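The following exercises ask the reader to work through one protein model part by part. Each task is followed by a solution in steps.

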Amino acid sequence: MHQSDDLPLKEETAMPLGDPKRGLSFKLLLMTILFVMFADILIYFPLISNFQKDEIEKRLRTGVIAAHALTAYPEAPPRDIQADMLSQVDAYAIAVRTDGMKQMVAVADTPPTVDRSIDVRQTSFLDLLSEATNTLLLGDDRTIKATGAYGADGEIEIAFSERGLRRAMIEASGTIFLISLTISAITGMLVYYSIRFLFVQPMRKLGIQLERWSHDPEATAYHVIPSGRTDELGHAELAIASIQRRIGDMFKQQRRLADLGLAVSKINHDLRNLLASAQLVSDRLTSIPDPTVQRFAPKLVSTIDRAITYCQSVLAYGKAQEAPPNRRLVALVRLANDVADVTGISHHASIEWVNAVPDSLEVDADSDQLFRVLLNLTRNSVQALEQTADSAMVKRMTISGSREGSVVRIRVADTGPGLPEKTRETLFKPFQGSVRPGGTGLGLAIAAELIRAHGGTIVALENQPGATFEIEIPDRSASLADARSRKTG
Ligand SMILES: Nc1ncnc2c1ncn2[C@@H]1O[C@H](COP(=O)(O)OP(=O)(O)OP(=O)(O)O)[C@@H](O)[C@H]1O
Ligand SMILES: [Mg+2]
């Protein structure tokens with residue numbers, strides 16, 4: 001990992017990386033040595049059994065040469081020659097059997113009795129194993145009779161002391177042990193350094209980097225840069241780098257939201273103060289006897305009141321969510337007129353305003369929140385209709401409403417250009433629906449949130465001239481789904 005090559009691998013890092021004797025590479029070194037030694041023990045027994053067989057065969061071969069020499073004598077060979085031959089073979093006696101006749105070719109003065117017999121021609125692998133173990137564990141003063149081939153169909157027997165054979169086997173075992181120890185140590189070291197280089201050191205660097213990142217997760221300096229390895233560690237690096245990137249993005253977004261929240265609170269705070277001043281001035285307007293002033297002043301006062309209440313509630317609530325609706329029965333026709341007056345559409349020079357809501361229609365809703373919903377929809381319609389410069393075009397905005405059982409349906413329609421195709425998908429999502437210059441894309445998102453809080457729905461109807469939004473609000477006692485299923489059922 002070249003990104004961390006410049007990281008000093010010092011022990012004084014904040015993360016305790018542990019005693020190297022308990023580290024991964026040390027454990028692997030020990031385990032490799034142990035495993036190789038175990039494998040060596042497994043092959044030791046076959047090796048030592050073969051060694052014993054070779055040793056016996058060696059004696060038999062020397063015995064055959066001696067027998068050939070001694071049988072050349074017409075009579076029994078002289079004792080000193082027999083003794084010399086026996087010492088060459090390291091045996092007590094040599095006998096041959098040819099044509100069914102056994103002939104003692106050399107024999108010590110006082111040959112001991114035979115304790116064990118081994119025929120090297122007929123010994124299986126398991127027999128060899130047991131003979132070797134027998135010699136190593138029990139052998140010392142015993143005498144072995146070994147039988148082998150002599151000529152084409154003859155047989156040779158030699159009797160010898162087990163002591164020499166056992167000594168040779170113990171010496172060979174020492175050599176085998178030393179060789180296997182050397183192999184274990186070399187293999188262990190090779191495994192140790194390759195694992196250390198391939199795995200432990202990159203892991204260690206990764207660990208240090210993650211540890212530093214955990215102290216300062218916003219710093220990109222500690223982000224892992226994948227080394228491009230294609231093994232498991234390379235996959236882990238990629239996954240960690242992607243997690244770090246995502247967490248970094250989340251931090252950025254969080255900071256942006258926190259900044260935004262603070263900005264909104266500040267704006268709201270001072271806006272409330274400005275509105276309070278405007279409220280004082282508008283209160284004084286109500287005392288002017290002019291009939292036009294008398295007509296509009298109360299609307300101005302109530303709108304400013306609403307704005308102050310809203311600012312106040314956002315400040316007090318301190319959250320991005322709206323306060324729960326405070327529901328009462330509201331006369332929709334009057335609420336729609338208020339919205340029209342406030343947006344200026346009721347006396348607009350080029351836009352016709354139709355309030356088709358029946359006088360008797362009452363909605364079970366929070367009047368301030370429903371006012372804000374209608375205000376957003378009406379403002380959108382006014383903006384869309386004002387865009388159209390063609391004077392021959394009909395510019396009309398209609399608000400209508402009806403009650404079906406416990407559900408009130410409100411429609412806000414205009415004869416403007418209609419909803420742009422690309423906004424349809426994200427229409428009610430904050431900051432995403434706007435294509436209008438100067439638009440924030442919050443109006444419809446706020447409207448949808450307020451309607452949802454009433455248990456209702458808001459949708460943009462398809463296949464209508466212009467744009468039509470339909471709102472359904474169920475009374476408090478009924479959920480919209482229940483009300484709909486009652487209607488269809
Ligand atoms: N009556 C309408 N006729 C045509 N397009 C509309 C209408 N109402 C909404 N739109 C489209 O939907 C988009 C999203 O509306 P929304 O009220 O959410 O945001 P905005 O009006 O752009 O900004 P703001 O947050 O100031 O309301 C608008 O930009 C506009 O393109
Ligand atoms: Mg809008």
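**Exercise 1. State into which domains the protein chain is divided, and how far apart the centres of domain 1 and domain 2 lie.**

Solution. The structure is a predicted model.
Step 1. The chain is divided into domain 1 (20-194), domain 2 (219-320) and domain 3 (326-488).
Step 2. Between the C-alpha centres of domain 1 and domain 2 there are 94 Å.

**Exercise 2. Describe the open sheet with the strand order 2-1-5-4-3.**

Solution.
Step 1. This open sheet has five strands, and its pairing is mixed. In general, the strands of a sheet pair through backbone hydrogen bonds, either parallel or antiparallel.
Step 2. Strand 2 and strand 3 (116-119) are the edge strands of the sheet, and each pairs on one side only. From one strand to the next, the twist averages 20°.
Step 3. An antiparallel pair is formed by strand 1 (residues 93-98) and strand 2 (residues 101-107), joined by six bridges. Within this pair, threonine 98 is opposite methionine 101 in strand 2. The hairpin of these strands has two residues between them, and aspartate 99 takes a positive phi near 50° there.
Step 4. A parallel pair is formed by strand 3 and strand 4 (residues 143-150), with four bridges. Here aspartate 119 is opposite threonine 147 in strand 4.
Step 5. Helix 2 (residues 79-89) packs on the sheet and touches strand 1, strand 2 and strand 5 (154-161). The direction of helix 2 makes about 90° with that of strand 2.

**Exercise 3. Is helix 5 well covered or hardly covered? Compare also its reach with the expected value.**

Solution.
Step 1. Helix 5 (residues 232-285) consists of 54 residues.
Step 2. From its first C-alpha to its last, helix 5 reaches 77 Å, which is close to the 80 Å expected at 1.5 Å a residue.
Step 3. A residue counts as buried if 20 or more other C-beta atoms lie within 10 Å of its own. By this criterion, three of the 54 residues of helix 5 are buried, and the helix is hardly covered.
Step 4. The buried residues are Glu237, Leu275 and Ser282.

**Exercise 4. Explain why one side of strand 7 and one side of strand 11 are left without a neighbour in their sheet.**

Solution.
Step 1. The sheet is open, with five strands in the order 7-9-10-12-11 and mixed pairing.
Step 2. Strand 7 (352-356) and strand 11 (457-460) are at the edges and have a single partner strand each, so one side of each lacks a neighbour in the sheet. The twist averages 10° from one strand to the next.
Step 3. The pairing of strand 11 with strand 12 (residues 467-474) is antiparallel and runs over four bridges. Isoleucine 458 is opposite isoleucine 471 in strand 12.
Step 4. Helix 8 (residues 367-387) packs on this sheet, touching strand 9 (396-404), strand 10 (407-414) and strand 12, and its direction makes about 20° with that of strand 10.
Step 5. Helix 9 (residues 443-453) also packs on the sheet, where it touches strand 11 and strand 12; its direction makes about 145° with that of strand 11.

**Exercise 5. Which residues come nearest to ligand 1, and which helix supplies the largest share of the shell around it?**

Solution.
Step 1. There are 24 residues around ligand 1, of which Asn380, Ser434, Gly439, Gly443 and Leu444 come nearest.
Step 2. At least two residues of the shell are supplied by helix 8, and at least two by helix 9.
Step 3. Helix 8 gives the largest share, namely four residues.

Note on methods. Residues numbered from 1 in each chain as written. Chains lettered and ligands numbered in written order. Predicted model: local features only at pLDDT ≥ 70, side-chain atom pairs only at ≥ 80, totals over all residues. Domains from an automatic or database assignment. Pairing = 2+ DSSP bridges. Axes fitted to C-alpha atoms, helices over the stretch in contact; angles between N-to-C directions. Contact = placed C-beta atoms within 7 Å. Expected span 1.5 Å × (residues − 1). Buried ≥ 20, exposed ≤ 12 C-beta atoms within 10 Å, placed from the backbone. Near = placed C-beta within 6 Å.
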